[in-house]
Amino acid sequence: MSELSGFYALWQRELKIYLRERSRIISSAINPILWLFVFGAGLGSEVSVGEVNYQAFIYPGIVVMTVIFSSIFYGAYVVWDKKLDFLKEVLVAPIGRSTAFLGKVMGGATDGVIQATIMLVLAPIFGVKAGLSFALVYLFLFVLVVGLVSVGLIIGSMMESPEGFGLLSSFVTFPLFFLSGALFPLTNLPGWLSAFTELNPVTYGVDAIRGLMLGGYTFGLLPDFVILASFALATIALGTLAFRRMKL
Amino acid sequence: MIVELQSLRKEFGDLTAVEGASFSISEGEVFGLLGPNGAGKTTTLHMLATLLRPTSGTARVNGYDIVREPAKVRKSIGMVFQEPSSDDLLTGYENLKLHALLYGVPRGVREKRIKEVLDLVDLWDRRNDLVKHYSGGMRRRLEIARGLLHNPKVLFLDEPTLGLDPQTREHIWQYIESLVAEQRISIIITTHYMDEADRLCDRIAIVDHGRLVVLDTPENLKRQLGGDIVRLEIKEPNLKAVEGLSYVKKVEVKGTSVFLTVTDAGAHIQEILSLIGKVDMAELRPPSLDDVFMHYTGREYKEEGEEGGFWERAMTASERR
């Protein structure tokens, strides 16, 4: 029983800390909004993708960008937990390492979904109406966030210093973002770029969420879901392993 | 026996941190692991708490094997780490609630138990303050309360007063003493403070360079030296004259100081002073654990490089986020 209540406790802890740090919430929302208004409006005055205005086209991509950055960065808190020795309190408790990992994942996923919600309430400004399919948008965001948070936690479990984490994580976040089709359509890409985008799991999240909001999928909703779910399951498995091997 | 070590050994690469220690601790006992920094005290504690795997040997805690039944061992122990390990963005109450959930304390007794332990360390009134607003001593008390929350059989205290000011240390000692009086619990304390071990512990194991040097009650350890300590400041001591005396157990010269271990020193001081020569200063005191340490290791008790102290840790912690 303590596995379940332990999972719940760790999740609650992450959520409380997140809600107590308003500066973290606000600062993670500022960058994406700048992208939308400056980059989106700037290019949007000249460019449109098919029928869709460029600003509206990148809107789903920027929502995904928000969760990429907040989810991967969330792994830094493991490094802090190590430095603060709070991690010892968790690891000496009679719960499994996998429970410790899943509690963390759930906490990070909740943070990410809240962060995405802040962006989603702006949808009408950009002329995006998704109606009932918003429930599906949340499902896809959640699965994507679970995978990304796990990646962040894996990096965090390997790093000793926050500086090291920052360095390594930026090598992960930027390619995930730029190679996801968040800023450009995936049709008619040069071969090498197309190959990279197809290897990037985030691509399928952008495809699904953009499709749900604006219509028109590159891969289709079901393939997107299967790939994202496999990504999340694989990173959870790897993350559990990483937490088992983690040294104090 | 609530804790039994069986040739418990830990190596880190070439370094032997703990050299196969075997001893046991009985129920209700306050047991001290005393030694300089780097002696292997924390390593021993971390092995007993299943945070480190022994290289060889094992131990039983509350009847459970630390290698084969780590989960049961964890449920049986409460751990207070050397470094602050509470979350400073949560309140004192929230830290305890988190702990209660992690240890599966049943819902029905949870609130009652949290109040009990907070009362024990006098923090009930501050329960709703964020831990980052606590002083170092309060934080240590909170973590002691947390270690007790799930009714463990054994409480591990790793350097409970490291880096605290003398007044706060005194308070922590009083809390530990009242704990011993009120709760039926065994306690293992690691410390490099002689006075702390002397005051709190029923039995003390002196460890040095990963080796168990001697284990006994503080009284016996001191009695075994065979007398009181007479320290004399003297330029030209006539050592020959005192070395032959039956009641002088040991003579040691350190610079201009002469240390004599003397049986029933009060009765013999007059004779020693008249034999040894012109004395600038004389001091007579009962033996301390410092003398015991020197007796068994042949060297003075010295700090060997500070492990990150409590305050340094707390300082880095406050830079967080």
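This is a predicted model: local features need pLDDT of at least 70, side-chain atom pairs count only at pLDDT 80 or more; totals for chains, interfaces and linings use all residues.
Strands here are DSSP runs of E with at least two residues, helices are runs of H or I with at least four residues, and both are numbered from the N terminus; two strands pair if DSSP finds at least two bridges between them. Within this pairing, Gly32(B) has Ile204(B) of strand 10 as its bridge partner.

Both strands belong to an open sheet of six strands in chain B, with the order 7-8-9-4-10-11 and mixed pairing. Strand 7 (77-80) and strand 11 (211-216) of chain B form the edges, each pairing on one side only. From one strand to the next, the twist averages 15°.

Chain B is assigned domain 1 (3-221) and domain 2 (226-286), with bounds that come from an automatic or database domain assignment. The C-alpha centres of these two domains of chain B lie 41 Å apart.

Where chain A meets chain B, 25 residues of chain A are in contact with 23 residues of chain B, contact meaning that the C-beta atoms, placed from the backbone, lie within 7 Å. Helix 1 (2-20), helix 4 (76-84) and helix 5 (86-91) of chain A each supply at least two residues to the side of chain A that touches chain B. Helix 1 of chain A gives the most, with nine residues.

Residues are numbered from 1 along each chain as its sequence is written, and chains are lettered from A and ligands numbered from 1 in the order in which they are written. Local features need pLDDT of at least 70, and side-chain atom pairs count only at pLDDT 80 or more, whereas totals for chains, interfaces and linings use all residues.

Key:
Two residues are in contact if their C-beta atoms, placed from the backbone, lie within 7 Å. Axes are lines fitted to C-alpha atoms, for helices over the stretch in contact, and angles run from 0 to 180 degrees between N-to-C directions.
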